[in-house]
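Biologist: Please take me through this model in order, starting with the chain as a whole and ending with individual side chains.

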Amino acid sequence: MTTRSLLMVANQLDSFFNHRLPQAIGAIDDGFDVHVAMDEADAACCRAAALGLEGLTFHHLPLARGFGNPLAELESLSALHRLVRHLRPGIVHAYTLKPVLYAGLVTRRTGTPLVASVTGVGSFFLGTSARDKLIQSALLPALRMALAGRRPCRVIVQNPDDQNLVTGALAVPTAKTRLIRGSGVDISIFTPASPPPLTPPVRVVLAARMLADKGVREFVKAARQLKAKDLEAEFVLAGGLDPANRSAITEEEINSWTQEGVVTWTGHVTDMAALYRSTHIACLPSYREGLPKSLLEAAACALPIVTTDVPGCRDAIMEDDTGLLVPARSTAPLADALARLITDADLRHRMGHAGRAYVEAGLSVDAVVSQTLNVYGELLNA
C-alpha cells in the first residue's frame, strides 16, 4: 500500500458508525485508502451498503469488548498483527483502550505510525472491585509499553483531565498528545426546534446507554423527588441496554421504574435530532466521560443542559451560560438544578441559545475531522 492508506481499528459497530464514520469519510475525501477492522465486519458492510457508502473496506477482527480468555486475547492480537503485515497501512488509527493496546503493541513491532484515540480514558479507572483493580494493575504497564517505542505516534484525547492521565499514568510525552474535543456534531442535522415545543409538561431527557456509570439511577431518584412536588415535567430515558458492561442496568429494573410512572423509556433511539426537538432539557449525570456527544448534540438543538462536575461532562458546557453543573453521584443537587430549569422558561431559552453558539464555534463534525486529518498529516510528514 501507499503511505496514504489508513487502517481504523474499532471494537463496536454502533460506536464506529455513530462516532468514527465522519473521520473515515473525511479521510477518503482527503485521498486515503480507508480500511476498518472490527469484530462485526459483515454487519458493518451491510450497514455501509445501506447508507450508500463507497470506499470503505471492512476486515473481520476477533476483538470482543472486555478481556476474557487469554488464548482468545492472544488470537486477537495475532490477527491484528497479520492484518497490519498484510495491508501495510501508512497509518493505524485505534479507538478506545483495548484496540489502542493491541494496535500499539502491533505497530511498535511493525513500525507503522499510530494514532491512538483514548476517548474517555478516565472511565477505565472507575471500577473499584478487586477484579477491576487487578485488571487495572495489569493493563497500565501494558498500555505504557504499547504507546512507547520509536514509531511515530500521536495520542488523541477529548478533555484536559484525560490528557493529564495520558501524560501521567501512561507516560506519554505531552508533545505526542493532541486535544481534539469530541467526535463532532453535524450542526445541519442537529438544529433547534422551530417553534420550540409547547409546555407543559417540560420534557427532560437523559440520552445514554443504560448504565449506572451514566448516572441513570440518580436521574430516576431526582425525577421521583420532583414528581412528588407535582412539577409538570416528563422524565425520559433514551438509550439501549448494554448487558456486557460492568455497570449495566437490567431491563427488569427499568421496567419497574416505568411501571411506577417515574420515567418513560424509549430504548435505543435512531433519530436523536427529532427527539431533542421535542425536548426542553438535556441531562447527563455521568460519573466521567471523554466529551459526551449526546450533550453536544443537545446543545446544537438549543437545549439547556444539566450535567455533573466531572471530566468530560464539565467540558461539554459553559457553566451558568449553556447549562448547570451538579456533583456526581448525588440526587438532591440534581433535582434542584432540574427544578430551576423546569420552572424558568426564559432561563431555558437563554442557555439553549448560548449552547447552539457554543457548538457552532468549534465543535462541529467538520472541525473535528479537519483536526484529525491534521494529525494524520503530522505523522506522514514525520
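Biologist: Of the contacts in the protein with a separation of 6 or more, what percentage comes from residues 24 or more positions apart?
Modeller: This is a predicted model, in which local features need pLDDT of at least 70 and side-chain atom pairs count only at pLDDT 80 or more, while totals for chains, interfaces and linings use all residues. Residues are numbered from 1 along each chain as its sequence is written, and side-chain values use heavy atoms, with hydrogens and water left out. If contact is taken to mean heavy atoms within 4.5 Å, then the part of these contacts that falls to residues 24 or more positions apart is 71%.

Biologist: How many helices and strands does the secondary structure of the protein come to?
Modeller: Helices (H or I, at least four residues) and strands (E, at least two) are taken as DSSP runs and numbered from the N terminus. Counted in this way, the protein has 13 helices and 13 strands.

Biologist: At what angle do α10 and α12 pack?
Modeller: Axes are lines fitted to C-alpha atoms, for helices over the stretch in contact, and angles run from 0 to 180 degrees between N-to-C directions. The two helices are roughly perpendicular to each other, a label given from 65 to 115 degrees, whereas angles under 35 count as roughly parallel, over 145 as roughly antiparallel and the rest as oblique. With their axes 7 Å apart, α10 and α12 (residues 345-360) pack at about 115°.

Biologist: Which residues of α12 make this contact?
Modeller: On the α10 side the contact is made by L296, A299 and A300. Across from them, the residues of α12 are G352, G355, R356 and V359.

Biologist: Which residue meets D242 in a salt bridge?
Modeller: A salt bridge is a side-chain nitrogen of Lys or Arg within 4 Å of a carboxyl oxygen of Asp or Glu, and the structure holds 17 of them. The partner of D242, at 2.6 Å from N to O, is R209.

Biologist: How many residues apart in sequence are the parts that this pair ties together?
Modeller: D242 is buried, with a relative accessible area of 5%, whereas R209 is partly exposed at 32%; the cut-offs are under 20% for buried, over 50% for exposed and in between for partly exposed, with a 1.4 Å probe and protein chains only. Because D242 lies in the loop between β9 (233-238) and α8 (251-260) and R209 in the loop between β8 (202-207) and α7 (216-228), the pair joins parts whose separation in residues is 33.

Biologist: Where is R65 placed, and what is the C-alpha separation of R65 and N245?
Modeller: R65 is partly exposed at 34% relative accessibility and sits in the loop between β3 (56-60) and α3 (70-87). Beyond residues up to four places away in sequence, R65 touches N11, Q12, K98, R209, D242 and N245. Although R65 and N245 are 180 residues apart along the chain, their C-alpha atoms are separated by 8.8 Å.
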